[in-house]
Amino acid sequence: MIKGQCNHHKILETLSISGHGNKVLIADGNFPVMTNSNHNAEKVYLGLSKDLPTVTDVLKSILTVINIENVEVMDSAEKVEPEIFDEFREITGVKSLEKYSRQDFYDICQDEDITLVINTGETRTFANILLTVGVTS
C-alpha cells in the first residue's frame with residue numbers, strides 16, 4: 001500500500017527507478033518541456049488548467065516519496081527574487097537554492113541525469129524547480 005501522498009502511477013514508477021543523484025524537474029505551464037529537457041526523461045503532463053495543479057502542489061506530493069539533497073531554480077534576469085522561491089525553501093527545508101539564468105537552467109534540464117519531468121498548470125513566473133534525489137534516511 002502506498003503511504004505517501006503521491007499516487008500517480010507513472011511518477012511513482014519513475015521515482016522508484018531513480019537513484020541517488022538523479023534529478024526531477026517540476027515545471028510551470030510555460031516551460032518548453034519538449035525542447036528544453038532531457039529527451040530520454042519520462043514526461044508527465046499534469047497541467048489541466050490555469051494553476052491546476054501548481055508546482056508547489058506537486059512538490060509537496062513528491063516530497064512524501066523521495067528525499068532530496070539539492071534544489072536548483074531558474075532565476076530572473078532582473079535579479080529580483082521571485083516570491084515562489086520562499087515557498088520552495090519552506091516546503092523543501094533547503095535554505096539555499098542554486099540559481100541559474102534561463103538559458104543555463106534549460107541546458108541543465110537537458111542533462112542525462114534528469115529522469116522525470118512533470119509539467120504543471122502553474123502560472124507564476126520562474127516557478128520551475130529541479131530536485132536532486134537524495135539517499136534514503
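This is a predicted model: local features need pLDDT of at least 70, side-chain atom pairs count only at pLDDT 80 or more; totals for chains, interfaces and linings use all residues.

How many salt bridges does a search of the whole structure find? I get seven.

Entry one, Lys23. I looked up its partner and found a salt bridge to Glu72, with the closest N and O atoms 2.9 Å apart. Lys23 sits in strand S1 and Glu72 in strand S3, so this pair ties together parts that are 49 residues apart in sequence. I checked the burial as well: Lys23 is buried, and so is Glu72.

Entry two, Lys99. Here the salt bridge goes to Glu81, and the closest N and O atoms are 2.5 Å apart. Lys99 is in strand S4 and Glu81 in the loop between S3 and H3, so the pair ties together parts 18 residues apart in sequence. Lys99 is partly exposed at 37% relative accessible area, and Glu81 is partly exposed at 31%. I also noted that Glu81 and Lys99 are in a salt-bridge network with Asp86 and Arg89.

Glu122 is buried, with a relative accessible area of 2%, while Arg124 is partly exposed at 29%.

Entry four, the negative side. I found a surface patch of negative charge made by Asp104, Asp107, Asp111 and Glu112. Asp104 lies in helix H4 and is partly exposed at 41% relative accessibility.

Last entry, the core. The largest nonpolar core has 27 residues, and Ile11, Ile26, Ile62, Phe88 and Ile129 have the most contacts inside it. H2 gives the largest share, four residues.

Methods:
Residues are numbered from 1 along each chain as its sequence is written. Side-chain values use heavy atoms; hydrogens and water are left out. Patches are made of residues with over 30% relative accessible area and no salt bridge: like charges are joined within 9 Å, nonpolar side chains (Val, Leu, Ile, Met, Phe, Trp, Tyr) within 5 Å. Accessible areas come from the Shrake-Rupley method with a 1.4 Å probe; for residues, only the protein chains shown count as cover. A salt bridge is a side-chain nitrogen of Lys or Arg within 4 Å of a carboxyl oxygen of Asp or Glu. Lys and Arg count as positive and Asp and Glu as negative; His and the chain ends are not counted. The place of a charge is taken as NZ of Lys, CZ of Arg, CG of Asp or CD of Glu. Helices (H or I, at least four residues) and strands (E, at least two) are DSSP runs, numbered from the N terminus. Buried means under 20% relative accessible area, exposed over 50%, partly exposed in between (1.4 Å probe, protein chains only). A nonpolar core is a set of buried Ala, Val, Leu, Ile, Met, Phe, Trp, Tyr and Cys residues joined through side-chain atoms within 4.5 Å.
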